[in-house]
Amino acid sequence: MAHSVVELGFLEKPEDFSVLTSPFFPSKVGGLPAWLDPQNLPSPSQLACGVCGRPCVFLLQMYAPLADTHHRSLFLFMCREGACHEREQCRGGGGSRAFVVLRCALPRENRFYRREEDAGGDGSAGQGEGGPVGEEPSTETSVSGSGGVGTEGAPPSPRPLCAVCGCWGPKRCGGCHSVAYCSQDHQRLHWTAGHRLFCRDIPRGGATPTSLIQDHAQARVGVVLPQFEIVTEDEPERSVTCVKSDKERMQEYRRFVKMSGVKCVSVKGACESGEEVEDKWFTAFKKRISLEPEQVVRYQ
């Protein structure tokens with residue numbers, strides 16, 4: 001049976017960040033999520049860390065369409081607390097409760113995006129060049145983002161979006177009543193990151209000046225991850241014999257220990273017993289990914 005092609009994802013900094021917004025169905029790392037369906041957003045409880053219960057932040061999304069029938073995007077969120085990830089590593093058993101994975105699909109015929117053939121474009125702007133239905137692609141910056149971390153040009157969301165994670169924000173800042181949050185945790189993060197400097201200058205419950213919106217984007221630096229486009233290409237077929245296995249590395253280590261006179265440190269008794277503990281599947285995987293060390297995503 002023939003194997004399907006594996007696609008490798010690499011990070012690139014786009015010249016125009018508008019290509020990372022919803023109408024272009026992006027694959028990207030960092031910034032705020034470019035929601036495929038702006039109406040049905042995940043609730044704060046759906047994006048809570050399974051270890052500490054705090055809200056996760058957006059890590060990446062991949063556009064993975066289903067043939068010619070559906071748009072589909074996969075979203076990955078992670079907990080900001082390193083202790084949660086360490087705890088899950090120690091727990092073992094596969095999987096991690098410190099990550100949240102979501103999937104969203106929309107039929108090609110939907111009320112948010114025009115089909116490519118209906119847009120009348122030349123295809124140079126990506127699969128969503130038609131923009132939101134009934135609107136021209138926006139060039140304005142919303143309170144949810146600018147400076148490479150926002151969602152300008154996206155279909156308007158009927159729900160307020162959290163200024164930190166970009167998910168549904170049912171809470172509002174008690175000072176300006178203009179910035180939304182999904183939780184008190186993200187409100188505190190944003191306040192510490194810089195919102196406290198701009199809150200008093202925002203008209204209470206009114207429109208936010210463009211200059212202050214840009215300042216809000218700067219305030220998210222250190223809270224929201226830097227944004228990059230994920231560019232995919234097919235995995236090349238190459239020989240992987242040039243990479244040393246775990247067994248070969250252990251043999252080199254033992255030769256070094258013997259020559260240097262350094263005492264061999266036991267790892268679960270493996271060194272003294274002479275057992276060769278090697279995960280052959282993992283070794284083969286490491287050899288394979290070593291051919292393209294800058295890859296961040298593998299998709300099949």
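**Strands, aromatic rings and confidence in a predicted model**

Lys13 is placed over the face of Phe228, at 4.4 Å from the ring centre.

Phe228 belongs to strand E8, which spans residues 228-234 and pairs in the antiparallel sense with strand E1, residues 7-12, over 6 bridges. Within this pairing, Glu12 stands opposite Glu229 of E8. Strand E8 also pairs with strand E2, residues 28-29, again in the antiparallel sense, here over 2 bridges.

The aromatic residues come next. A pair of aromatic rings is described by the distance of the centres and the angle of the planes. The structure contains 6 aromatic pairs. One of them joins Phe58 and Phe77 in an edge-to-face arrangement, with 5.6 Å from centre to centre and 70° between the planes. Phe58 lies in strand E3 (residues 57-63) and Phe77 in strand E4 (residues 70-78), so this pair ties together parts that are 19 residues apart in sequence. Are these two residues buried or exposed? Phe58 counts as buried because its relative accessibility is 2%, under the limit of 20%. Phe77 has a relative accessible area of 0% and is therefore buried too.

Another pair is formed by Phe112 and Tyr113, whose ring centres are 6.5 Å apart and whose planes stand at 65°, so that the pair is edge-to-face. Phe112 is buried, with a relative accessible area of 12%, and Tyr113 is buried at 3% relative accessibility. Both residues are members of one aromatic cluster, together with Phe25 and Tyr63.

How much confidence does the prediction carry? The protein averages a pLDDT of 74, and 65% of the residues score at least 70. Confidence is highest in E2, at 94, and lowest in helix H6 (residues 270-273), at a mean of 45. Over residues 265-277 the pLDDT is below 50, and this stretch makes 14 contacts in the model beyond near neighbours in sequence. The pLDDT is also below 50 over residues 119-130, a stretch with 17 contacts in the model beyond near neighbours in sequence.

Note on methods:
Residues numbered from 1 in each chain as written. Predicted model: local features only at pLDDT ≥ 70, side-chain atom pairs only at ≥ 80, totals over all residues. Heavy atoms only, no water. Pairing = 2+ DSSP bridges. Helix = DSSP H or I, 4+ residues; strand = E, 2+ residues; numbered from the N terminus. pLDDT = per-residue confidence, 0-100. Contact = heavy atoms within 4.5 Å. Phe/Tyr/Trp six-rings, centres within 6.5 Å; stacked < 30°, edge-to-face > 60°. Buried < 20%, exposed > 50% of the residue type's maximum accessible area, 1.4 Å probe, protein only. Lys NZ or Arg CZ within 6 Å of the ring centre and 35° of its normal.
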